[in-house]
Amino acid sequence: MSQETLEYHWGKHHRTYVDNLNRQIDGTDLDGNSLENTIVITYNKGDILPAFNNAAQAWNHDFFWESMKPGGGGRPSGDLLNLIERDFGSFEKFLDEFKTAASTQFGSGWAWLAYKESRLDVENAVNPLQSDEDKKLVVVKTPNAVNPLVWNYYHPLLTIDVWEHAYFIDFQNQRRDYISVFMDKLVSWDAVSSRLEQAKALIKEREREAERKRREEEEKRTSSEAIPEIYSDGDADLDAE
């Protein structure tokens, strides 16, 4: 990535999203919310509110820059590599799927590697099998500013910006060349591995909280069933009559 692209992309595009968002939320109920909460609130289950695009694009770009490092690329290691090989068959198959998603995203958008909490595509339901084997890595692509934060139980680990401004200065309309350079020379697998560990820790905390609530409800139900029916003396006298 050239200095010109970085100055143009980070210094102008990214900065504009941040400045516009700050103006949009100043003095509103969104002011003071985390960026992540602002994204979820303004996505509004697909009925997008005005601040969404700037909020999501500000977050997406932060995530994108932090997905890279000088001298990046190569292969991941440890748990991340094991999961990639388990869920995609091989690292090479993952690369092919990720590059295909990025190159075939029509128009502006993003491609993502995400950790999905459940293998089961259930909606408005609880996955009955909450074990490590039921969680998997997935590749998804999103249009415009949309990111996996707006979906339940998707944890973004890696992204590539495929808006034209991300690559046109260096690669003109050769998006595939840009994607290859990103994956071969820029991606930070250390950052991706760290995000995976954070996602797994968050999931475990959610599961502990869900189990705690389940036990509380079970105890309440058991207690209510164990309470005997009590009559007052007045009720007993009425029954005797």
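**Note on the predicted model**

1. Overall composition. The protein contains nine helices and three strands. The model is a predicted one, and the points below should be read with that in mind. Read from the N terminus, the order of elements is α-α-α-α-α-β-β-β-α-α-α-α. The protein has 241 residues, of which 40% count as buried. Among the contacts with a separation of 6 or more, 75% are made by residues 24 or more positions apart.

2. Helix α4 against helix α5. Helix α4 comprises residues 78-88, and its axis comes within 8 Å of the axis of α5, with a crossing angle of roughly 75°. The two helices are therefore roughly perpendicular to each other, since an angle of 65 to 115 degrees is placed in that class. On the α4 side, the contact is made by Leu-81, Ile-84, Glu-85 and Phe-88. On the α5 side, Phe-91, Lys-93, Phe-94 and Glu-97 take part. By class, the residues of this contact comprise five nonpolar, no polar and three charged.

3. Helix α5 against helix α7. Helix α5 (residues 91-104) also packs with helix α7 (residues 175-186), at an angle of about 140° and with the axes 10 Å apart. This angle makes α5 oblique to α7; the class of roughly antiparallel would require an angle over 145 degrees. The crossing of α5 with α7 is right-handed. From α5, the contributing residues are Phe-94, Leu-95, Phe-98, Lys-99, Ala-102 and Ser-103. From α7, they are Arg-175, Arg-176, Ile-179, Ser-180, Met-183 and Asp-184. Sorted by class, this contact holds six nonpolar, two polar and four charged residues. Phe-94 of α5 takes part in the contact with α4 and also in the contact with α7.

4. Arg-175. The side chain of Arg-175 reaches the backbone oxygen of Val-162 at 3.3 Å. Apart from neighbours within four places in sequence, Arg-175 is in contact with Ala-102, Ser-103, Gln-105, Gly-107, Val-162 and Tyr-167. Two of these partners, Ala-102 and Ser-103, belong to the α5 side of the helix contact described in point 3.

5. Thr-38 is found in helix α2 and, at 2% relative accessibility, counts as buried. When neighbours within four places in sequence are set aside, the residues in contact with Thr-38 are Leu-30, Asn-33 and Ala-55. Val-40 is also placed in helix α2, but Val-40 is partly exposed, with a relative accessible area of 45%. The C-alpha atoms of Val-40 and Ala-55 are separated by 9.7 Å, the two residues being 15 residues apart along the chain.

6. Asp-190 in helix α8. Asp-190 is located in helix α8, which spans residues 189-226. With a relative accessibility of 54%, Asp-190 counts as exposed, the cut-off for that class being over 50%. Which side chain does the side chain of Asp-190 meet in a polar contact? The partner is the side chain of Lys-69, at 3.1 Å.

7. Most residues other than glycine have a negative phi. Lys-45 is not a glycine, yet it has a positive phi of about 55°. Lys-45 is situated in the loop between α2 (35-43) and α3 (52-65), and at 85% relative accessibility it counts as exposed. Asn-144, likewise not a glycine, has a positive phi of about 55°. Asn-144 is placed in the loop between β2 (136-143) and β3 (154-161). Its relative accessible area is 41%, so Asn-144 counts as partly exposed.

Technical notes: Residues are numbered from 1 along each chain as its sequence is written. This is a predicted model: local features need pLDDT of at least 70, side-chain atom pairs count only at pLDDT 80 or more; totals for chains, interfaces and linings use all residues. Side-chain values use heavy atoms; hydrogens and water are left out. Helices (H or I, at least four residues) and strands (E, at least two) are DSSP runs, numbered from the N terminus. Buried means under 20% relative accessible area, exposed over 50%, partly exposed in between (1.4 Å probe, protein chains only). Axes are lines fitted to C-alpha atoms, for helices over the stretch in contact, and angles run from 0 to 180 degrees between N-to-C directions. Angles under 35 degrees count as roughly parallel, over 145 as roughly antiparallel, 65 to 115 as roughly perpendicular and the rest as oblique. A crossing is left-handed if the near helix is turned anticlockwise from the far one by less than a right angle, and right-handed if clockwise. Contact means heavy atoms within 4.5 Å. Ala, Val, Leu, Ile, Met, Phe, Trp, Tyr, Cys and Pro count as nonpolar, Asp, Glu, Lys and Arg as charged, and the others, Gly among them, as polar. A polar contact is a pair of N or O atoms within 3.5 Å; within protein, one must be able to donate a hydrogen and the other to accept it, and residues adjacent in sequence count only if both atoms are side-chain atoms.
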